[in-house]
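Welcome! Take a look at the structure below, and then we will walk through two parts of it together.

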Amino acid sequence: MRILLTGGTGYIGSHTAVEMIRAGYEVELLDNLANSKITVLDQVEKITGVRPKFYEVDLCDRAKTLAVFRAGKFDAVMHFAGLKAVAESVEQPLRYYENNIGSTLSLLEAMKETGVGRIIFSSSATVYGDQDPGETGFSETAQTGAGITNPYGWTKMMIEQILRDYAKAEKGTSVTLLRYFNPVGADTSGLIGEDPNGIPNNLMPVVMKVYRGEIPELTIFGDDYETRDGSCERDFIHVTDLANGHIKALENQRPGVAVYNLGTGKPTSVFEIVGAFEKVAGKKLSSKIGERRAGDLARLFANPSLAEKELGWKAERDVETAVRDTLRYLRNLK
Ligand code: UD1
């Protein structure tokens, strides 16, 4: 099977490309390189021995996107491409809606035009809004949409709806919505990892920069939450586990719409992540407690049992493994 990965040189796209090549799939990658580097292709080749075909294309360019599909003869698409900085999306809503939604519409048009009937979409736990996950974590049947605080989150919610409507209209289409929790870690080779352009927002990229001395200290956003240790709790999932979830989703895809959480089901606190990092790195990270960050929930974690039941997938790697793999990647960076 030949699969197109949009956003294929990004953090999750590149790890999925590696796992798919390892599993024997033919993958082609498309990216506009807005938040990733072309050198990722060299790294993928070093890891797997295969250099995937690459299209430097912005999906919002409908003519170019259609040309890729006419050339490619794809069996399925994994749609990772999108802008994903939460605070930036609040400042630049039009850019976020235009890019994330426009690119998806262009992609679907090209798929329709060339008869590609299968898509797996990178959704996010952010669609669960501001509910409390309780003791069991969010199930896929939990309400979505209420309490989403930013345009980035709304684009995920809206694209889910667009894909549902598309599947209804185009009989025989298979849509899988994968709701990611908090991806961390890196491939065991240490050759690819998370390398965002500019100032990072997410916890692990900030921790990485503090470790490297590029940011003087980590600010922990709040230690007065009603959680085990007062810091926020999240469901940190190793990116390789996440990548393998895509392969399982592809193997089990049927016409219609399916939705799966990809998480570990185990909440880990911000203090615990920092502690795990310090333990594995053998070095203290300078940090301070700051104000709560607007829009943060105290707790967010998955109930991942549906993916286990229907896809035969579950996360296998723990947070320490993710930290160890992250450090291997960091030590390889110049
Ligand atoms: C965020 C987004 C989510 C998005 C995901 C991936 C919000 C409210 N949610 O998830 O929609 O899908 O990123 O891009 O922005 N933290 C610190 N100090 C830091 C950075 C983070 O203490 O410098 C804490 C946060 O308060 C949070 C935890 O670390 O409790 C995880 O933060 P982050 O990595 O940004 O992920 P989320 O906020 O869970």
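## Around the ligand

Let's start with S124: an N or O atom in its side chain is 3.1 Å from an oxygen atom of the ligand, a polar contact (a pair of N or O atoms within 3.5 Å). Taken alone the ligand exposes 750 Å², and the protein buries 89% of that; such areas come from the Shrake-Rupley method with a 1.4 Å probe. Polar side-chain atoms of two further residues also lie by ligand oxygen atoms: Y152 at 3.0 Å and D296 at 2.6 Å.

The ligand has 20 residues around it, each with a heavy atom within 4 Å. L203, T219, R234, R293 and D296 come nearest. Strand β8 gives the largest share of this shell, four residues. Strands here are DSSP runs of E with at least two residues, while helices are runs of H or I with at least four, numbered from the N terminus.

## Helix α3

Now turn to α3, residues 62–72, where T65, V68, F69 and G72 are buried (under 20% relative accessible area, 1.4 Å probe, protein chains only). They cover an arc of only 95° around the axis, which puts them on the same side of α3. The face turned away carries A63 and A71, which are exposed (over 50%).

Just after the helix, K73 takes a positive phi of about 50°.

## About the model

This is a predicted model, in which local features need pLDDT of at least 70 and side-chain atom pairs 80 or more, while totals for chains, interfaces and linings use all residues. Residues are numbered from 1 along each chain as its sequence is written, and side-chain values use heavy atoms, leaving out hydrogens and water.

Key:
The arc is that of the directions from the helix axis to the C-beta atoms. A polar contact is a pair of N or O atoms within 3.5 Å; within protein, one must be able to donate a hydrogen and the other to accept it, and residues adjacent in sequence count only if both atoms are side-chain atoms.
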